[in-house]
Amino acid sequence: MNSKSRQETPWGKAEMAHMRAPMCLIENVEGQLRPNQKALEILSAITQPVVVVAIVGLYRTGKSYLMNKLAGKKTGFSLGSTVQAHTKGIWMWCVPHPHKEDHTLVLLDTEGLGDVEKGDNQNDCWIFALAILLSSTFVYNSMGAINQQAMDQLHYVTELTDRIRARSSPDQDYGLEDSADFVSFFPDFLWSLRDMTLKMEVDGKSCTADEYLEISLKLKEGTGKEVEKYNLPRLCIRKFFPKRKCFIFYPPTEWKKLSQLETLQANEIDSEFLQQVAEFCSYIFKHCKAKYLPGGIIVNGPRLESLVVTYVSAIRTGDLPCMENAVLALSQIENSAAVQKAITHYDQQMNQRVQLPKESVQELLDLHRACEREAIEIFLRNAFKDEDHLFQIELGSRLQERWDDFCQRNLEVSSKLCWALIQDIFRPLEEGVMRGTYSKPGGYCLFVQDTERLKKKYYRQPKKGIQAEEVLQTYLQSKEAVYKAILQTDQNLTEKEKEIEVERQKTESALAAAKLLEETQKKTEKLMEQKEKSFREHLRQLTQKMENERIQLKREQERTLALKLQEQKQLLEEGFQEESRKLQEEMRNVEKRYKETMDYMKAEASKTTVKTLEEMQTKYDQILENKDRNHQEHVLQLVEMMERDRDQLLTEQETRVAALLQEREEHLKEEISEERRKHQKEMQDMEAKYREMILKFECAQSQSSENEKMLKEMQEMELKTMRQKQEALEDHVRKLTEQRDMETARLMEEQEEIFNCRLQRQNKIFNEKIRKQNKQYQEEIRKMKMQNNSKCSLM
């Protein structure tokens, strides 16, 4: 709005986007009613509760003038200055409410009733019915005093039960005795008497406008058609509109100037008339309530738009406008919109609050639960009549999808960040490997020291997210070949030290794998716990909403009964016992229907509770089953890891023993071969010496017998020596074989002892892990059963 329009707005609400002039809401084209799309768009933009004031009456009775005054303007709704009806259909003007900043005032000016050009009153009846259905305050405008002619002109009220249905039951036959069904959603009734010239006196006593209205609505005693015709419109007003108000207006000016009323200055209009108009407007602003539907459902612009479309569509198709059907149709639209509104709020809040990556699942869970709770509150605040909870189930499903998406995004962001961090931190190490920095004596120790230093640097980096450990271990595992290569080329380390280092690396890898497995299990348990708490939150808020609905229904029933009791008291005071009896019967029917409704709601609540408990039990069983399955899988993985390590240890042990035995066998074979070579050489030397001696002795054969005897003795000595050498060789081979067997046995015992120690240590570690896992698992199962039993007892 510009500055001029701000000044023209009398209540200082120019910041709100409202209409500068009226617009046709429901068009009347050749007797056919249809909604105006532009007007519906304006309603759809009004998120505030609406106070809807509709005015109905005979044409040319000054209805538009009063509505312009309520809008704070001289002009707006067309006044007309001829005997021809000016307003066609129902016109709308949305303006800021002058007394309620969080409300919008919607003014509905209707086509004048009783226009002779229409030919019949069918169209008038629908205009009258729509004005009642759409308004929270219904103003009936008439000329002069309340007399039988005025009552006859108000015959539309006697036809309401033929034009409007409260419930959708096809066999429901509504009548005047069912007025309580209509009272719950009918507007307040306000009768404005225009150009009143009579004194406000009855039986010589002055009275107020409200007293005059109640006196005029008194019933006539007796029977017969004339009495029934007299009483029917009065009885309808009293039963359908228990809250009534009356205003009288003196003629504003002389009749010649009435056609110029909107252009006259204030000093040209009767001051008492202006005072009466001011009182009328003040009452509307202060006392008229917002539009509500049964169940305490407050109406805003979009809901009023839906009612207009639903009612006009029913009339155009030949059906009766039905409040229950309208509410159901509205609930489908509103509940779908409520789901989207809740999801939008969740997305906005999570995107604002969550800075990925998060260091733990719990951090993300805390934010999710807070946003989820707010989303459920928004849904339940905007939704109604979600009797099968289909929309809430849809909301829960979509929230779960959003949560899964955030979890996945958290993993991806954390992984991406950690890999980038690792590539940056470990780049010097990889460059050193490529340059051969660690391919030298002592290089392995240097490599390990640099690796540990860079790991510490990596751990010190903040905000890495939940993938920090997994990404690091994946990276380190990819470098195992580099570790082994550097280890094997380090000449400063003995074979025993290399074996010890290999074992240390394997132990660290096993512990890291177990740690990752444990973290994964904790994440899974957190996610299952979140699903359980999400279900509980849905149940808690739904239970609270159902309780609020029961309280609201009780309030509506108490209000209806209070109004009916007031009417019954008045009938008794007037002496109409039969009408009082009928009203008493109607109140009993109201109480009966209320009891049936409450029983139905309790039954539905009980069914919902039972269904919810069954679902909760199913979810608990599923959670327990998942926990048990995860636990068993975890234990199985630990056992498999233990078996794999045992098999690997055994294989390594067998390989090592076989290598040692082969080495001992080859060494023994070499020793025996060497001894055999020495023995053969000695034998050859001895044989050579023996042949030489034989030759010498043969040359001296002719010498004495002593020489012959000496030769014989020498031969015997040589044979003896050779036998001793052979025996010594055989004895040495036997001793070497025995020594080999003893060393092999000792080596096997040592390796077996080492293997058993390592296996016992490994078994002890794994058994301790399994024991802790079993203890933790049993504790969680116990807690969950206690919580489940507690909730079942509360239900």
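**A close look at the sheet**

Modeller: Happy to! Strands S1 and S4 pair in the antiparallel sense over three bridges, where pairing takes at least two DSSP bridges between two strands. Strands (E, at least two residues) and helices (H or I, at least four) are DSSP runs, counted from the N terminus. The model is predicted, so local features need pLDDT of at least 70 and side-chain atom pairs 80 or more, while totals for chains, interfaces and linings use all residues. Numbering starts from 1 along each chain as its sequence is written, and side-chain values use heavy atoms, without hydrogens or water.

Let's stay with S1, which spans residues 23-29. Methionine 23 has methionine 92 in S4 as its bridge partner, and S4 itself covers residues 90-96. S1 is also joined to S2 by four bridges, and these two strands run antiparallel. Here isoleucine 26 has proline 35 in S2 as its bridge partner. S1 and S2 form a hairpin with two residues between the strands, and in this hairpin glutamate 30 takes a positive phi near 55 degrees.

Now for the wider view. S1, S2 and S4 belong to an open sheet of eight strands with mixed pairing, in the order S2-S1-S4-S5-S3-S6-S7-S10. Its edge strands are S2 (32-35) and S10 (244-248), each pairing on one side only. On average, neighbouring strands in this sheet are turned by 20 degrees against each other, with direction ignored.

Follow the order to the S10 end and you meet S7, residues 188-194, which runs parallel to S10 and is joined to it by five bridges. Within that pair, leucine 190 of S7 stands opposite lysine 245 in S10.

Helix H10 (residues 271-287) packs on the sheet, touching S7 and S10 as well as S3 (50-57), S5 (104-110) and S6 (137-143); contact here means heavy atoms within 4.5 Å. The direction of H10 makes about 160 degrees with that of S10. Such angles run from 0 to 180 degrees between N-to-C directions, with axes fitted to C-alpha atoms and, for helices, over the stretch in contact.

Back where we began, helix H2 (residues 37-44) lies across S1, S2 and S4, running at about 145 degrees to S1. To trace all this on your screen, start at the S2 edge, step across to S1 and S4, and keep going through S5, S3, S6 and S7 until you reach S10.
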